[in-house]
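I opened my notebook to look up a few local features. Here is what I wanted to see before starting.

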Amino acid sequence: MSATPRDARKPVTLTKLAEMRALGEPIVMVTAYDHPSAEVVEAAGVDMVLVGDSAAMTVLGYDSTVPVTIEELLMLCRAVRRGLRTPLLVGDLPFGSYEASDEQAIATSQRFVKEAGCDAVKLEGGGASVQRARAIVGAGIPVMGHVGLTPQSAVALGGYRAQGRTAERARQVMQDALDLQAAGCFAIVFEAIPSEVTDEVMARMEIPVIGIGAGPSTDGQVLVYHDLLGIYAGHKPKFAKRWADLRAEMVRGVAAYAEEVRTRTFPAPEHCYSIPPEELDRLREHAREREDAAGAYDW
Ligand code: KIV
């Protein structure tokens, strides 16, 4: 299995995503939060990258997405931008940065585009978020919606749990998705929704839908980088499959380094610099002369 050679791929555009949806070509999206992870996902040939507010937990050590700030996410977006060439880059608008007014939503989105080079922004929820999405799109910035489990409002939703498991709640998910589509979103994330509910909503969607715990019928899938590579030690959601166990490998590597430092087997000769013997002789002579003159070290 080999990724497409870096230079053969063209930058992914909104048109390309719509074409992929029309052709039934699955869209691959993943989160990234720093320059090395951006380089990895670029090399792996993904279509879309999200600097998610999940960074709050995966890289910043918060216990939910709520505390992460605009400045923190902008810094991560800039690092990711520098590592990407082809995937479409989406920046997540953090909690408290877009809800208050259309003006606030536009101003925050402009920062993600202007200061961090994002191609698009993502916001969570239906209701008032639909009008915010419409306003941001009206200001010329592509918007991705996000329905179902929206972690920024997890407390109001009764915790981190699947949404749309009653007809009434499923109807709400469907309404939110259709409203965001009508507001001009170029794509929508469906998170933690029963597959059958997704199937029903998909039949009514005209824009790419990217699922995370929403079953197989969406136009693409997104997962958190740290979940799919086994880096994050915190809660692993039911929908997160692991393709690697990097955390264990990282602990093994650092522990092996610690052991070699403690047993003085590292550094070995190949990790050390040398000085030509005649230069070393001159250094020693110089040191002796100084000691003889001063009776002690006096550099
Ligand atoms: O912040 C995030 O990582 C997300 C994905 C789960 C879609 O919103």
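**Entry 1: the model.** I noted that this is a predicted model.

**Entry 2: the pocket.** I looked up the second largest pocket. Its volume is about 340 Å³. I found 19 residues in its lining. Gly125, Gly126, Thr150, Ser153 and Leu157 lie nearest the centre. Which element gives the most to this lining? I found α7, with 4 residues. Both β5 (143–148) and α7 (167–182) supply at least two lining residues each. By class, I listed 10 polar, 5 nonpolar and 4 charged residues.

**Entry 3: the patch.** Next I checked the surface. Val254, Tyr257, Val261 and Phe266 form a nonpolar patch there. Together they have about 370 Å² of accessible area. Valine 261 sits in helix α10 (residues 246–262). Its relative accessibility is 38%, so valine 261 counts as partly exposed.

**Entry 4: a cis bond.** Phenylalanine 266 came up again. Its peptide bond to proline 267 is cis, with omega near 0°. I placed proline 267 in the loop between α10 and α11 (277–294).

**Entry 5: positive phi.** Most residues other than glycine have a negative phi, and most peptide bonds are trans. I looked up two residues with a positive phi. Arginine 264 has a phi near 60° and lies in the loop between α10 and α11. Alanine 192 has a phi of about 50° and lies in the loop between β6 (187–191) and α8 (195–202). Is alanine 192 buried or exposed? Alanine 192 is buried, because its relative accessible area is 8%, under the 20% cut-off. Arginine 264 is exposed, at 75%.

Conventions
Residues are numbered from 1 along each chain as its sequence is written. This is a predicted model: local features need pLDDT of at least 70, side-chain atom pairs count only at pLDDT 80 or more; totals for chains, interfaces and linings use all residues. Side-chain values use heavy atoms; hydrogens and water are left out. Patches are made of residues with over 30% relative accessible area and no salt bridge: like charges are joined within 9 Å, nonpolar side chains (Val, Leu, Ile, Met, Phe, Trp, Tyr) within 5 Å. Accessible areas come from the Shrake-Rupley method with a 1.4 Å probe; for residues, only the protein chains shown count as cover. A salt bridge is a side-chain nitrogen of Lys or Arg within 4 Å of a carboxyl oxygen of Asp or Glu. Buried means under 20% relative accessible area, exposed over 50%, partly exposed in between (1.4 Å probe, protein chains only). On a 1 Å grid over the protein atoms alone, a cavity is a set of points where a 1.4 Å probe fits but cannot get out, and a pocket is an open set with protein on both sides within 12 Å along at least five of seven lines; lining residues have an atom within 4 Å of a point. Grid points are joined across faces, edges and corners, and a volume is the space filled by probe spheres set on the points. Ala, Val, Leu, Ile, Met, Phe, Trp, Tyr, Cys and Pro count as nonpolar, Asp, Glu, Lys and Arg as charged, and the others, Gly among them, as polar.
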